Amino acid sequence: MNLVTINDPDAISAILNSSKNIAVVGLSPKQHRASYMVAAYMQAYGYRIIPVNPVYAGDMILGELCYPDLIEAAVVNSIDIVDCFRNADDIPPIAEQAKTISAPCLWMQSGIVNANIAAELQAAGMFVVMDRCLKIEHQIRHSHHADKLSG
């Protein structure tokens, strides 16, 4: 099996291009929180946001129903990227759920590093992004694309 390197730039581009649904674990309804800003930005670019946060389960965030966990979210949604806004110590159970639902990508936001989990998921065939911001990675690629169109 060919393993894709963690944070591989080409793989990040490919996953952003092929993905439609992003489960945001730890999404807050508070507009000043990074999770909300990133999710709102991605939603504005046509991605479907699936909020996952047990504190707000059953509520609406960004016009979408919030789920208590990935397992519940995956019952009625296809999930392409699991974007984690949780501490590194909270990643193992999220990673386990991501594997259970066969999510193609686990994305740990800026500042979140869990190398053991990353290696485990990678070995299981998942693409892993660690310590990177989904919004910034999208902006980098989107601005390059815009440059190509204008130049």
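Predicted model: local features only at pLDDT ≥ 70, side-chain atom pairs only at ≥ 80, totals over all residues.
Residues are numbered from 1 along each chain as its sequence is written, and side-chain values use heavy atoms, with hydrogens and water left out.

**Pockets**

- The largest pocket holds about 230 Å³ of space; a pocket is an open set of points on a 1 Å grid over the protein atoms alone, where a 1.4 Å probe fits, with protein on both sides within 12 Å along at least five of seven lines.
- Its lining (residues with an atom within 4 Å of a point) numbers 14 residues, and Val25, Pro54, Pro68, Arg86 and Ile94 lie nearest the centre.
- The second largest pocket holds about 180 Å³, and its lining residues include Lys30, Arg33, Tyr56 and Arg86.

**Helix α2**

- Helix α2 spans residues 34–44, helices being DSSP runs of H or I with at least four residues, numbered from the N terminus.
- Its buried residues (under 20% relative accessible area, 1.4 Å probe, protein chains only) are Ser35, Tyr36, Val38, Ala39, Tyr41 and Met42.
- Gly46 follows α2 and has a positive phi, near 95 degrees.

**Aromatic pair**

- The structure holds 1 aromatic pair, defined by ring centres within 6.5 Å.
- The ring centres of Tyr41 and Tyr45 lie 4.8 Å apart with planes at 45 degrees, so the pair is tilted, meaning neither under 30 degrees (stacked) nor over 60 (edge-to-face).
- Tyr41 is buried at 13% relative accessibility, whereas Tyr45, at 38%, is partly exposed, a class that lies between buried and exposed (over 50%).

Terms used. Helix = DSSP H or I, 4+ residues; strand = E, 2+ residues; numbered from the N terminus. Points joined across faces, edges and corners; volume = space filled by probe spheres on them. Phe/Tyr/Trp six-rings, centres within 6.5 Å; stacked < 30°, edge-to-face > 60°.
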